[in-house]
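Subject: Structure for you, with notes on the interface

Hello,

Here is the structure you asked about. Please open it first; my notes follow below.

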Amino acid sequence: MNSFVGMPSFPEASSVAVGDAQLRHNLRKATHTIRAKRAAVVGEQPDWAALREAGAAIKDRTLRHLDVYLERLEAAVVAAGGTVHWAADAAEANRIVTDLVKATGETEVVKVKSMATQEIDLNAALADAGIRAYETDLAELIVQLGDDWPSHILVPAIHRNRAEIREIFLEHMADWGRPAPPDLKDDPRALAEAARLHLRERFLSARVGISGANFAVAETGTLVVLESEGNGRMCLTLPETLISVVGIEKLVPTWQDLEVFMQLLPRSSTGERMNPYTSMWTGATEGQTFHLVLLDNGRTSVLADEVGRQALRCIRCSACLNVCPVYERAGGHAYGSVYPGPIGAILTPQLRGMAGPLEESLPYASTLCGACYEVCPVAINIPEVLLDLRAKAVTHGHVGQRLAMGAARRVLDSPRWLAVAQRSAGRFRRWTPKRLPGPLSAWSDTRDVPVPPKESFRQWWAASR
Amino acid sequence: MVGGEPMSSKDQILARVRSALADVPRDEDVPVPRDYDHSRSGPDVVELLVDRLVDYKAEVREVDDVAAAVAEALTRRRARRLAVPSGIPDSWLAEAEAVRDDPPLTPAELNALDGVVTGCAVAIAETGTIVLDAGPDQGRRALTLVPDYHLCVVRRDQIVRTVPEALERLDPSRPLTWISGPSATSDIELDRVEGVHGPRTLEVLIVVSRP
């Protein structure tokens, strides 16, 4: 169903979103609410700056010696009775998970919200194998029932308001199980209750659960999932078989390191002092069969970039989305991947490479205001990575951009050519067009074309000296 | 690799990691500055825990006689059949029926109960968090998940102020569940609604003196 393949470039996709008044209203309300909550609970933590510094250092410590910690994690999970699988890319991860589910003989799985399984489009792969994956997080359920795309890391249905959600429940719940009550109201309490009833039986009878993880502790083999609703606990606890798909950057070296992230993540993410539920388990727990699938899928390419690798510190809190003026107006879908907002603008082009117009345009989906860097709990310097990626988009980017930049370099490199260019710009200033021709019109559609001055500084200097 | 077996995905990923990190000295270890607070001073931890639990819509009471308080809470809620882990004495339940998890109750059986009564491993005052570690007075994880009402007894000596203080008391080899208020969601317009899939009512009894 929902695939981000062949997405249009960011400016193209975002112009649609910007024209959608309902979407802009929903996004503005949501991002401003959560922004204020975050600011309040971060403000009451007197040692926030020190926590942030420690969080960044712990992630760097892990990433700079990732091979060591990956092998350590594997050993600890195996020692605790789990099985570890390694997946080089999405296709391999999907194959591993599908085979594991098939081996149980089950044709249904329950899922905890997980960015990694969205990234690899696991649900579609399972469907191809005749296995139905039920999303159980309320927002993911809304997205799944509405055959829609997630638009926010933390609250994937942030683009939907209560009335729309009620419609989706009434129309589609019956296709997936227990139908919504016909007299369903649109207040959040009633909608949450409908989701509870819809999923209850499914949880109680589920034999296979699939999750991601927020953290994996190399030293002990412990996996950690933070959530709010209890759907995570249901999926992690009740099924006989648990399969967790975890990106290789999710590791932290030691148990003690969690004391930092259990403070940084909830406050940055939902703006709570602590999220309602966190599950921590080590290997096969309480008689369960446990499989850990470690996923690369482009992460090692990100790791190879000395500037861009800091993006792998990301703990998916989504604080950067909530403060971003571009995200607030463009919405999540325009970013063309499961990772929207500022972090998506640096992660997607790095994970996939400068593969097309979308990836090349993402580093420009920012005003470089720096709000994202300021709120990032692991101090990812997003503007720095954006600028670096812009330079790469120019070097590897499309022909027109390369030609333009090449010409600009020739002119700016030579004082003589620059003087000629400035003189002719001044002479022909009367003919400055309102709208630039051809592909350049994309630039002038949203800006006034500056009229060149009558004389250049050098002309003025020569004349008035 | 020359000849022989094709590289496993594990070897392939590890090789990619090592080549990606060619610029990083192998013997380097990034120092982690731990200048954040391990403990802090502030209001009494019981007072703070109560404040934070109430903020998250949990019901909280400070009690001195545990058995009487548990019985009173169950009566008030009209809870008659409760899941009870092995470490909780029958005497706490008074009139209510204690359903033991031996042999293990099925999810459907748990779903039919009125609630669960447990102790805890640690409570964190600053964040209003109760941590369960599946000890004898808490039972396996499903017990506190499926029934709709969770009555949790916290002793004063189990309360710490900060997250770092809690971590050092916990054993990662045990299954841990951190609970901060009842189940909740903010997925609809970021309006917080208490009660989705986990217990919709969390009641905490803080034992302030010896029972």
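How many bridges join strand β9 of chain A to β9(B), and do the strands run parallel or antiparallel? There are 4 bridges, and the strands run antiparallel. On chain A, β9 covers residues 277–282. M280(A) has L176(B) as its bridge partner in β9(B). Bear in mind that this is a predicted model.

Now the interface as a whole. Chain B puts 73 residues in contact with 96 residues of chain A. The two chains bury about 7400 Å² between them. Carbon and sulfur atoms carry 56% of that area. In chain B, R141(B), D187(B) and H197(B) lose the most area to chain A. Together they make up 11% of what that side buries.

I count 20 salt bridges between chain B and chain A. One of them pairs D67(A) with R18(B). Their closest N and O atoms are 2.8 Å apart.

Where does the chain B side come from? Several elements of chain B supply at least two residues each, among them α2 (45–55), α5 (163–169) and β9 (176–179). The largest share comes from α1(B), with 9 residues. By residue type, the side of chain B that touches chain A divides into 34 nonpolar, 15 polar and 24 charged.

Best regards

How values were computed: Residues numbered from 1 in each chain as written. Chains lettered and ligands numbered in written order. Predicted model: local features only at pLDDT ≥ 70, side-chain atom pairs only at ≥ 80, totals over all residues. Heavy atoms only, no water. Contact = heavy atoms within 4.5 Å. Buried area = accessible area lost by both parts, 1.4 Å probe. Salt bridge = Lys/Arg side-chain N within 4 Å of Asp/Glu carboxyl O. Nonpolar A, V, L, I, M, F, W, Y, C, P; charged D, E, K, R; others polar. Pairing = 2+ DSSP bridges.
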